[in-house]
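Here is a short note for someone opening this entry for the first time. Please keep the structure in view while reading the points below.

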Amino acid sequence: MPVLHRPRVPTAPAHWKFPGNPASVQRARRAVVEALPADSTPQLTDDIALLTSELVTNAVRHGTGYDDEQLIELILWPADGHYWLAVSDPGEGRPAVRALTLDARRGRGLVLVEAISAAWAVVPRHPNGKSVVAGVRLYGG
């Protein structure tokens, strides 16, 4: 009898929703890090934690206006040698990397996202809002 090779079943994405308030940043970071496999490298864990903090902070600040009724949605999934994180909010603004000055107090979030992610993009959501999707390499490099 021939041995059939079954395709590998992909990992199901992890999914969360948090209210649009600053306390959600820490809760989201903890949830995402806890969803990573126990054998994840410290570098991957640190990068995903920082990515989550920056994107959720931006979503709270610019996408929900600190409104608990407005929800931020996170989805984390592995694919193509990366962990992908999508952070969605109902806001209409489109995030963009800004030129920084030495005395800037804000505006470093997307600079950090760009530095630690292999790729990132802003994707419109219908009927309103957007998702910021970023990928971190599973194996470094």
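1. Helices here are DSSP runs of H or I with at least four residues, strands are runs of E with at least two, and both are numbered from the N terminus.

2. A word on the source. This is a predicted model, in which local features need pLDDT of at least 70 and side-chain atom pairs count only at pLDDT 80 or more, while totals for chains, interfaces and linings use all residues. Residues are numbered from 1 along each chain as its sequence is written, and side-chain values use heavy atoms, with hydrogens and water left out.

3. The overall layout. The protein chain has three helices and five strands. Along the sequence they follow the pattern β-α-α-β-β-α-β-β. Of the 141 residues, 40% count as buried. Buried means under 20% relative accessible area, exposed means over 50%, and partly exposed lies in between (1.4 Å probe, protein chains only). Take the contacts between residues at least 6 apart in sequence: 60% of them join residues at least 24 apart. Contact means heavy atoms within 4.5 Å.

4. Helix 2 itself. Helix 2 covers residues 42-64, which is 23 residues. At 1.5 Å a residue it should span 33 Å, and its end C-alpha atoms are 31 Å apart, so the two values agree. The expected span is 1.5 Å times one less than the number of residues.

5. Helix 2 against helix 3. Two packed helices are described by the angle between their axes and the distance between the axes. The axes of helix 2 and helix 3 (residues 109-116) come within 9 Å and cross at roughly 150°. Axes are lines fitted to C-alpha atoms, for helices over the stretch in contact; angles run from 0 to 180 degrees between N-to-C directions. The crossing is left-handed. That term applies if the near helix is turned anticlockwise from the far one by less than a right angle; clockwise is right-handed.

6. Who meets whom there? From helix 2 come Asp47, Leu50, Leu51, Glu54, Leu55 and Asn58. From helix 3 come Gly109, Leu110, Leu112, Val113 and Ile116. The residues of this contact divide into seven nonpolar, two polar and two charged. Ala, Val, Leu, Ile, Met, Phe, Trp, Tyr, Cys and Pro count as nonpolar; Asp, Glu, Lys and Arg count as charged; the others, Gly among them, count as polar.

7. The core. The largest nonpolar core has 27 residues. Helix 2 gives the most to this core, with seven residues. Strand 1 (14-19), helix 1 (23-35), helix 2, strand 2 (71-79), strand 3 (82-89), helix 3 and strand 5 (130-137) each supply at least two. Such a core is a set of buried Ala, Val, Leu, Ile, Met, Phe, Trp, Tyr and Cys residues joined through side-chain atoms within 4.5 Å. Those with the most contacts inside the core are Ile48, Leu55, Val56, Leu74, Leu76, Leu85 and Val87. Leaving aside residues up to four places away in sequence, valine 87 touches Leu55, Val56, Ala59, Ile72, Glu73, Leu74, Lys130, Ser131 and Val132.

8. Backbone points to check. Tyrosine 66 is not a glycine, yet has a positive phi of about 65°. Tyrosine 66 sits in the loop between helix 2 and strand 2 and is partly exposed at 44% relative accessible area. Aspartate 80, also not a glycine, has a positive phi of about 55°. Aspartate 80 lies in the loop between strand 2 and strand 3 and is exposed, at 74%. A cis peptide bond joins histidine 126 and proline 127, with omega about 15°. Proline 127 belongs to the loop between strand 4 (119-124) and strand 5.

9. The end of strand 2. Proline 78 is found in strand 2 and is partly exposed at 26%. Proline 78 touches Thr11 and Tyr83, not counting residues up to four places away in sequence. Proline 78 and leucine 138 are 60 residues apart in sequence and 8.3 Å apart in space, C-alpha to C-alpha. Alanine 79 is also in strand 2, partly exposed at 25%.
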